[in-house]
Amino acid sequence: MFSFAKLVETDEVEDAAPTRARSQRRGASTSLDRVTFAYPGEAAAIASTSLHVDAGELVCLVGPSGSGKSTILNLIAGLLVPTSGRVLFDEEAIRGPGPERAVVFQDAALFPWLTLRDNVEYPLKLAGMPKGERRARSEQLLRMVHLWKFEGSHPHQLSGGMRQRGAIARALATDPAVLLMDEPFAALDAQTREILQGEVERIFQETKKTIVFVTHNVREAVRLADRVVLMGTRPGRILREIAIDLPRPRRIDEERVAWFAADVASEIRSEVEKIAKEEADDAWVAPGGPVHVDPRRNLGSGI
Ligand SMILES: Nc1ncnc2c1ncn2[C@@H]1O[C@H](COP(=O)(O)OP(=O)(O)OP(=O)(O)O)[C@@H](O)[C@H]1O
Ligand SMILES: [Mg+2]
C-alpha cells in the first residue's frame, strides 16, 4: 500500500527500474447512518436513510428515477455533504472526496487528448507517483481490463465498452477501497454489457474491493450483487434489502438469477405504479397488469 501523503511532495521522479506493482488495498466498509440530504431549496432527496456496506461486499442500488441512488453514491464519494446524519468510511466520518473512494459514471470521463495509458496514469501523476511506478501500475491495470493492446490509443479510437473498461482501470489506479459505479453500462448494448458485468465480477473477486453499483437493470443487479437494495421515492429511501446468495461466477441467463430478478422487478413495479398514480391523480392502472414484468428488460432511466 503506498502513501499518497508521502508522494505528493515528490516531483517527476524517474526511478531507475520499473517498480513492481504494489499489493492492493482491499475493500473497506462504508455506511450511511440516518442520513437526510436535501439539495438547496428542495424537499429531502433522501430521508433518514441507513445503509451499511461491508468491506469486500458488492451492493447494487435499484429503484425508480429520483429515488436518490446517485445522491447516495455522491454522499459516499464525498461530493455531497449530508444535511443531517453521518456518512462513514471504515468507521470514520467522510469529509470530502478521497483516493480511497473512486467513482465510475455512465459516460466514461476519459480525457480525449490523452492516450488510454496516460488517462490511467493521470491520477497517479497528480499524486506524485514516480514515473516507473506509474508505468508499472498502468500496465497492470490495462492488462486487468484486457486493454493493454490499446494503451497508445486515444478515447475516440475505442468503442463505448472499451472506454468504460478504461474508465474502470483509471478508477482503480489510485487503488481505492471502495468503487462507486453509477449506471456505468447504461449506454452500452446488451452483449457488451454482459461482458463488462463479467469483468466487474472478476475484478471484484480478484481485488476484494467494496463496490456500490447503481443500475436500472434488475437482472444486472441480481447477476452482480451480494445484496440488492431496493429504493423508493418521495422521499428517497430504502424499501427492502434482498440478499442474493448465489454462487459466483454467475450468468445473466441463469434460472435462479431470473427468479430473484422477477421478485425485485415486481416490487419496483408497485413503487412505480404508486408514483404514477400520485402524479396522474386518478385511478391510473399500469398497462399489463400489476404483476407481469419481464425482468430481462432494462427498465430504463425513466421508470
Ligand atoms: N442537483 C440537483 N438539484 C436539485 N435537486 C436534485 C439535484 N440532483 C438530484 N435532485 C433531486 O434529488 C432526488 C434524487 O435524485 P437522484 O439523482 O439521487 O435520483 P436517482 O435515483 O439517481 O435517479 P435516476 O435513476 O434518474 O438517476 C430527485 O428528486 C432529484 O430531482
Ligand atoms: Mg442517478
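Visitor: Which residues of helix 3 are called buried, and what does the word require?

Guide: In this predicted model, helix 3, which spans residues 116-126, has as its buried residues Leu-116, Arg-117, Asn-119, Val-120, Glu-121, Pro-123 and Leu-124; each is called buried because its relative accessible area falls under 20%.

Visitor: What covers the buried residues of helix 3?

Guide: The cover includes helix 4 (131-144) and helix 5 (160-173), while Gly-128, with a positive phi near 80°, follows helix 3.

Visitor: Why is Asp-175 called buried?

Guide: Asp-175, which is found in the loop between helix 5 and strand 7 (178-182), has a relative accessible area of 4%, and since buried means under 20%, Asp-175 is therefore counted as buried.

Visitor: What makes the pairing of Asp-175 with Lys-209 a polar contact?

Guide: The side chains of Asp-175 and Lys-209 are joined at 2.6 Å, and because the cut-off for such a pair of N or O atoms is 3.5 Å, the value lies within the limit. A polar atom of the Asp-175 side chain also lies 2.7 Å from the backbone nitrogen of Arg-25.

Visitor: Why do strand 2 and strand 5 stand at the edges?

Guide: The open sheet of 4 strands has the order 2-1-4-5, so strand 2 (44-53) and strand 5 (92-93) each have a single partner strand, and one side of each is left without a neighbour in the sheet.

Technical notes:
Residues are numbered from 1 along each chain as its sequence is written. Chains are lettered from A and ligands numbered from 1 in the order in which they are written. This is a predicted model: local features need pLDDT of at least 70, side-chain atom pairs count only at pLDDT 80 or more; totals for chains, interfaces and linings use all residues. Side-chain values use heavy atoms; hydrogens and water are left out. Two strands pair if DSSP finds at least two bridges between them. Helices (H or I, at least four residues) and strands (E, at least two) are DSSP runs, numbered from the N terminus. Buried means under 20% relative accessible area, exposed over 50%, partly exposed in between (1.4 Å probe, protein chains only). Contact means heavy atoms within 4.5 Å. A polar contact is a pair of N or O atoms within 3.5 Å; within protein, one must be able to donate a hydrogen and the other to accept it, and residues adjacent in sequence count only if both atoms are side-chain atoms.
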